[in-house]
Amino acid sequence: MEPSLESLPDLAKDTHKETKKFFVKLKNKPPKDLDRSMEKLHKAEFAKTECLECANCCKTTGPIFTDRDVERISKHLKMKAVQFEEQYLQTDGDGDLVLKELPCTFLAADNYCMIYDVRPKACSEYPHTNQKKFQNITDITLKNVAICPAAYNIVEKMKITMEKDFYQIKKSRR
């Protein structure tokens, strides 16, 4: 099922409890091949996903900007890093540099990123479903499934695939 942006928050809410329970199980006993499985699911989903049709992440959430991001982007924009920070960023409650406003200032009307080649690391890695040691980022993934249809699809396929594996492990121990 391909969730629409309109239905995604409700779908994510409906599966939240189940997904959270699954992620707890995953954290406690991650499969040996978890990263490889996630990479496969990620690649398969993004082979058929066109982010430019959505850009919901850019419209609804802002990335954390690292010092390297600030340096790289400000240089690209021919600005001083301090000037870039003052114009576009603020410090959030966790002490992280984030955008002052959403949607992202650098998102064009056609959903293209105006700083794509130098975008923040958090943007280039989003939705993080192919990150190493996936079991360590399940909290952020739980949030991302309500924002990114691809993340939602990956997690739903992951639950189906890995629940079978969990079942097989339990069965073989009997």
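Is Phe22 buried or exposed? I get 2% relative accessibility for Phe22, so it counts as buried (buried is under 20% relative accessible area, exposed over 50%, partly exposed in between, with a 1.4 Å probe and protein chains only). Phe23 is buried as well, at 3%.

A note on what I'm working with: this is a predicted model, where local features need pLDDT of at least 70, side-chain atom pairs count only at pLDDT 80 or more, and totals for chains, interfaces and linings use all residues. Residues are numbered from 1 along each chain as its sequence is written, and side-chain values use heavy atoms, with hydrogens and water left out.

Next I searched the whole structure for aromatic pairs and found six (rings of Phe, Tyr and Trp, the last by its six-membered ring, with centres within 6.5 Å; planes under 30 degrees apart are stacked, over 60 edge-to-face, the rest tilted). Phe22 and Phe23 have ring centres 6.2 Å apart and planes at 50°, so I log them as tilted. Phe84 and Tyr88 are another tilted pair, with 5.2 Å between centres and 45° between planes.

I then checked where Phe84 and Tyr88 lie: both are in helix 5 (residues 81-88), four residues apart, about one turn. Helices here are DSSP runs of H or I, at least four residues, numbered from the N terminus. Phe84 is buried at 0%, and Tyr88 is buried at 15%. I also found that Phe65, Phe84, Tyr88 and Phe106 form one aromatic cluster.

Terms used:
Helices (H or I, at least four residues) and strands (E, at least two) are DSSP runs, numbered from the N terminus.
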